[in-house]
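Open the model in your viewer and keep the selection panel at hand. This tour goes stop by stop.

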Amino acid sequence: MQLLLNAHVFAPQDLGIRHLLIGAGRILWTGERKADFSLLNANIVDLEGRRLIPGLIDGHAHVTGGGGESGFASRVPPLPLSRFTAAGVTTVVGVLGTDDTTRDTRALLAQTRALRDEGLGAWCHTGGYHVPPVTLMGNVRDDIVHLDPVIGVGELALSDHRSSQPTLDELLRTASDAHVAGMITGKAGILHLHIGDGERGLDLVRRALDVSELPPRVFNPTHVNRRKALFEEALDLARRGCTVDMTAFPVAADDDAWPADVGLQKYLESGAPADRITISSDGGGCLPQFNDQGELVHMDVGRPACLAETLRDLLLRGVPLASVLPAFTTNVARILRLHDKGGIRRGAAADLVVLGSDNGIRDVMVAGTWHVRNGRQRVFGRFEHPSETGPVS
Ligand SMILES: [Zn+2]
């Protein structure tokens, strides 16, 4: 049992100063007035008015390591536990990308389960960039229905030279399998779509919505801030009912892209539905630049830390915490149907982050266990050497 006193709770809405009782990995009680829990012999932590927010949910990370676009040596290694927790990420969804050949659903499931064993909330999608999607059980519907950590399909690639150039029918068939599997299980049942730099943008998704009975929530495009024109398309798609996802990648001043913090502000100002925007890290994924022959000329690797940096940058610009938090927490939990995640309330998972005075990540609790305290990493993955990870901020 732990008693958290004097937390300024953003649930994500601003609830003011609250006290919380944590036990069995859950929030057991929250109240404005201190109750007498002396009989419980709880460990007491006084947060002295610091901001307490829900743990961040990273809906798109290459937990196995992604990349591989420039030979075998360009395969990115798996991301260790502390890369997520140091960034305030308490729940992650793993995906396969371009390389769904040397990496497959088996490897993704194993890595997802490894992160769970180390304490993180972890789920994954089946498939990868290509159709027919790589699966374990033979088709995506069976994977979602029968494999506990699998909640959807993706990241299936559109408008990208690395995609399998899927037809409308192939997209519809895959989306319908995801949707039906979601109904059978209560899982997310979404088709998570990688959108590339191609001019076609979200055209295929619009056509899928035009011609089919599938509900818009099934189509969940990501990287929509990678081109400014694509971002405008994404606003329209959100108005039609899709939840759209931005990537917290670094953006240079002359790039035709919006950094996720700027994109989120623009999204909220546009009047598009505030609950249909999310931000993910693409951690472990390749952030490539290609020449006009599709050859890789530069490669960066996505980092979960970019999520925390995006939140910090928004706060430094004076954007209210309660207005930006849903894109990192409740909105993600809703589209992923992770009902006990993303908010601070009685009965929810005790996935909590304390922000420091610098708007960085100060403390991180996952399922009732402190992984980061006072900016120091306390829990590491099995193959991490604490001295290699450096200080968290
Ligand atoms: Zn992608």
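What follows is a list of selections, each with a note on what is there.

This is a predicted model, in which local features need pLDDT of at least 70 and side-chain atom pairs count only at pLDDT 80 or more, while totals for chains, interfaces and linings use all residues. Residues are numbered from 1 along each chain as its sequence is written, and side-chain values use heavy atoms, with hydrogens and water left out.

**Stop 1: the open sheet**

Select β6 to β11. Helices (H or I, at least four residues) and strands (E, at least two) are DSSP runs, numbered from the N terminus. Six strands make an open sheet here, in the order β6-β7-β8-β9-β10-β11, with parallel pairing. Strands count as paired if DSSP finds at least two bridges between them.

Which strands are at the edges? They are β6 (56–61) and β11 (219–222), each pairing on one side only. From one strand to the next, the twist averages 30°. For such angles, axes are lines fitted to C-alpha atoms, for helices over the stretch in contact, and the angles run from 0 to 180 degrees between N-to-C directions.

Now pick β9 (residues 150–158) and β10 (residues 190–195). Six bridges join β9 and β10 in the parallel sense. At Leu-158, look across to Ile-195 in β10, which stands opposite.

Contact means heavy atoms within 4.5 Å.

**Stop 2: two hairpins in a row**

Select β17 (residues 361–366) and β18, which pair in the antiparallel sense over three bridges. The bridge partner of Val-364 is Val-372 in β18. The hairpin of β17 and β18 has two residues between the strands, and Ala-367 in this hairpin takes a positive phi near 50°.

Is β18 mostly covered or mostly open? Strand β18 (residues 369–373) is mostly covered, with four of its five residues buried. Buried means under 20% relative accessible area, exposed over 50%, and partly exposed in between (1.4 Å probe, protein chains only).

Go on to β19 (residues 376–377), which runs antiparallel to β18 and is joined to β18 by two bridges. Arg-373 stands opposite Arg-376 in β19. This hairpin also has two residues between its strands, and Asn-374 in the turn has a positive phi of about 50°.

**Stop 3**

Most residues other than glycine have a negative phi, and most peptide bonds are trans. Check the exceptions below.

- Ala-11 to Pro-12: the peptide bond is cis, with omega near 15°. Pro-12 lies in the loop between β1 (2–10) and β2 (14–23).
- Ala-24: phi is near 55°, a positive value in a residue other than glycine. Ala-24 is in the loop between β2 and β3 (26–31), and is exposed at 84% relative accessibility.
- Glu-48: phi is positive, about 50°, although Glu-48 is not a glycine. The loop here runs between β4 (43–46) and β5 (51–54). Glu-48 is exposed, with a relative accessible area of 58%.
- Val-131 to Pro-132: the peptide bond is cis, with omega near -5°. Pro-132 lies in the loop between β8 (121–126) and α3 (140–146).

**Stop 4: aromatic rings**

How many aromatic pairs does a search of the whole structure find? It finds one. Select Trp-29 and Phe-37: the ring centres are 5.0 Å apart and the planes are at 70°, so the pair is edge-to-face. Rings of Phe, Tyr and Trp (its six-membered ring) pair if their centres lie within 6.5 Å; planes under 30 degrees apart count as stacked, over 60 as edge-to-face and the rest as tilted. Trp-29 is partly exposed at 21% relative accessibility, and Phe-37 is buried at 19%.

Next, select Trp-258. The charged end of Lys-228 sits over the Trp-258 ring, 4.3 Å from its centre. The charged end of Lys-266 also sits over this ring, 4.4 Å from its centre. A charge sits over a ring if NZ of Lys or CZ of Arg is within 6 Å of the ring centre and within 35 degrees of the ring normal.

**Stop 5: Asp-261**

Finish in helix α7 (residues 260–270), at Asp-261. Is Asp-261 buried or exposed? Asp-261 is buried, with a relative accessible area of 9%. Show its contacts, leaving aside neighbours within four places in sequence: Thr-310, Asp-313, Leu-314 and Arg-317.
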